[in-house]
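Hello,

Here is the structure I promised to pass on. Please open it alongside this note, and then read on for what turned up.

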Amino acid sequence: FLPPELNEFLVKWWERLIKPVNPFCVFHVPELESNITNDLYRVVQLHMRAAKLSKDADELVLSRDENEKDITFSLAAGEVVTETYEGVTVWWTHRTEKSGGKDNGGEEFEKSEFELKFRKKDKEFVMKKYLEYVTDNASEFRRQLRELSLYSNNDCYWECHNFKHPSNFDTLAMEPELKAKVKADLDSFMRGEEFFHKVGRAWKRGYLLYGPPGTGKSSMIAAIANYLKYNVYDLELTQVYNNNSLKQLLVNTTSKSIIVIEDIDCSLDLAGQRKAGKEGKSSNRDEPTTESTSSVTLSGLLNFTDGLWSCCGDERIIIFTTNHVEKLDAALLRPGRMDMHIHMSYCSFETFKALAKNYLSIDDHPLFGDVKNLLEGGKLITPAQVTEHLFGNRDDPNAAITVLIEWLQKPEEQKPESTTKDETKDTNEEKKEEVAAVTENGAAENGDSSSAESAELRQEVSLLKEKVQTLEKNFNQKPAKADIMSNGEVLQVENGDLHHESDDGDV
Ligand SMILES: Nc1ncnc2c1ncn2[C@@H]1O[C@H](COP(=O)(O)OP(=O)(O)OP(=O)(O)O)[C@@H](O)[C@H]1O
Ligand SMILES: [Mg+2]
């Protein structure tokens with residue numbers, strides 16, 4: 001009922017009067033400070049969300065961002081919540097007040113602030129430790145909320161895509177000790193800014209993931225990205241024109257990111273010449289390089305990972321993957337370049353158990369003993385192959401494990417999938433060899449002429465001969481190819497196109 005001026009005057013006097021006996025201190029965190037957004041206000045909001053402080057309040061404001069699925073609970077005006085950290089209790093109050101308005105000749109707007117109250121004796125603790133805890137907690141939470149991007153390179157530019165990969169360290173099945181070691185390394189890297197700067201090292205880390213196909217190398221990269229909340233730059237070396245483009249790509253990456261070069265042995269010939277592309281991975285890895293206009297060299301790549309230019313951004317991880325670690329140049333493996341070599345291997349019993357838990361939601365099963373005996377007895381199966389079996393029978397654990405056991409018990413030659421790409425030849429290659437065998441020895445003299453396969457091949461060869469003759473007729477070309485087969489050269493049909501491959505590999 002008092003006029004505002006008198007009210008303000010009395011409040012001031014009251015505060016002055018009780019100050020010597022007031023046991024509390026108050027800090028104000030306004031949303032706007034000198035009309036500029038105060039980041040600390042946002043930090044406190046995030047801390048409250050992270051510490052779930054608002055659950056104790058009676059009145060809350062509920063909101064949800066368009067892209068978020070979770071509801072955000074924040075304090076309504078005037079609400080107070082209590083937090084105790086290391087035995088010290090503090091009180092947070094959310095205050096809002098109207099400002100401006102017609103009386104003051106402007107538009108009315110709402111001013112918000114957080115008020116932090118604590119005992120005077122705790123002032124030093126709050127300033128030194130509690131506020132640091134609030135800031136760390138908020139930045140960790142901000143990191144968790146971060147949406148990730150996946151970049152792919154197009155010559156010297158990056159193209160950005162949304163990155164939502166479900167793989168994480170819970171879904172990734174691998175030896176528990178190795179997983180714990182990798183996570184600990186990532187944790188210490190993430191928190192290592194001060195340490196890296198103190199010892200004069202660039203704040204970056206290199207990992208080499210190696211192992212047979214289907215053992216989870218790419219899944220681990222996604223798990224690392226999701227764990228650290230780092231963006232991923234998937235560098236396709238075969239798309240990079242030269243070392244300068246590589247440098248340009250590097251400087252255009254941001255901090256808090258992972259640069260990935262998959263199948264390094266396929267992308268870069270370690271003598272300095274690059275191979276044709278990743279297609280080589282699935283077909284003929286060991287074939288000589290085909291023509292390439294690009295000239296990225298091993299030393300260019302080493303500069304990329306280790307040179308002065310590599311330090312123009314902070315907090316970066318570089319990951320190489322390969323199926324053939326033995327083919328890599330020692331220069332690439334030197335400590336400091338690849339700090340940690342992570343071997344992703346065939347399924348052990350522990351790995352199998354982790355997959356069974358993820359896919360079948362079981363911790364144990366009477367058939368586990370059989371799987372254990374087979375795996376420990378030397379049967380090789382990749383996690384990818386296990387997941388295929390488990391996924392197919394995910395509603396029936398008994399059937400899933402039985403099918404897996406049957407597969408493990410089969411002799412190697414009866415398994416439709418190869419255990420590694422190297423151990424079993426590419427079907428295309430196999431077929432080529434078979435045709436060559438038939439044509440070299442002559443269809444009739446083929447040793448195993450009774451086999452159905454040989455009969456099929458002979459039929460294929462005669463069909464091809466016919467095709468050549470038709471082609472000659474139709475295109476009126478000089479009749480040079482009709483006798484190809486008798487020369488022991490290979491002829492095959494791919495996607496409706498006729499290919500002729502001579503002894504020296506010309507196509
Ligand atoms: N260790 C694992 N834990 C869980 N799932 C796995 C694991 N390894 C493979 N998988 C499953 O198999 C699929 C293929 O695995 P991934 O692509 O990670 O293998 P990779 O080692 O990168 O193979 P490549 O050498 O051919 O690139 C994954 O999508 C995943 O479903
Ligand atoms: Mg992969």
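Which residues in H2 meet which residues in H3? Bear in mind that this is a predicted model.

On the H2 side, they are Val 43, Val 44, Leu 46, His 47, Arg 49 and Ala 50. On the H3 side, they are Val 134, Thr 135, Asn 137, Ala 138, Glu 140, Phe 141 and Arg 142. By class, this contact of H2 with H3 has seven nonpolar, three polar and three charged residues. H2 spans residues 39–50 and H3 spans residues 123–145. Their axes come within 8 Å and cross at roughly 75°. Angles of 65 to 115 degrees count as roughly perpendicular, so that is how H2 and H3 lie to each other.

Now look at H13 (residues 368–376) and H15 (residues 397–409). They pack at an angle of about 25°, with their axes 10 Å apart. H13 and H15 are therefore roughly parallel to each other. Their crossing is left-handed. H13 makes the contact through Asp 370, Val 371 and Leu 374. H15 brings Ile 401, Leu 404, Ile 405, Leu 408 and Gln 409. The classes in the contact of H13 with H15 are six nonpolar, one polar and one charged.

Last, helix H7, residues 243–251. Its buried residues are Leu 246, Leu 249 and Leu 250. They cover an arc of only 100° around the axis, so they sit on the same side of H7. What covers these buried residues of H7 includes strands E9 (149–154) and E10 (157–162). Helix H10 (298–306) is also included in that cover.

Best wishes

Terms used: Residues are numbered from 1 along each chain as its sequence is written. Chains are lettered from A and ligands numbered from 1 in the order in which they are written. This is a predicted model: local features need pLDDT of at least 70, side-chain atom pairs count only at pLDDT 80 or more; totals for chains, interfaces and linings use all residues. Axes are lines fitted to C-alpha atoms, for helices over the stretch in contact, and angles run from 0 to 180 degrees between N-to-C directions. Helices (H or I, at least four residues) and strands (E, at least two) are DSSP runs, numbered from the N terminus. Angles under 35 degrees count as roughly parallel, over 145 as roughly antiparallel, 65 to 115 as roughly perpendicular and the rest as oblique. A crossing is left-handed if the near helix is turned anticlockwise from the far one by less than a right angle, and right-handed if clockwise. Two residues are in contact if their C-beta atoms, placed from the backbone, lie within 7 Å. Ala, Val, Leu, Ile, Met, Phe, Trp, Tyr, Cys and Pro count as nonpolar, Asp, Glu, Lys and Arg as charged, and the others, Gly among them, as polar. A residue is buried if 20 or more other C-beta atoms lie within 10 Å of its own, exposed if 12 or fewer, and partly exposed in between; C-beta atoms are placed from the backbone. The arc is that of the directions from the helix axis to the C-beta atoms.
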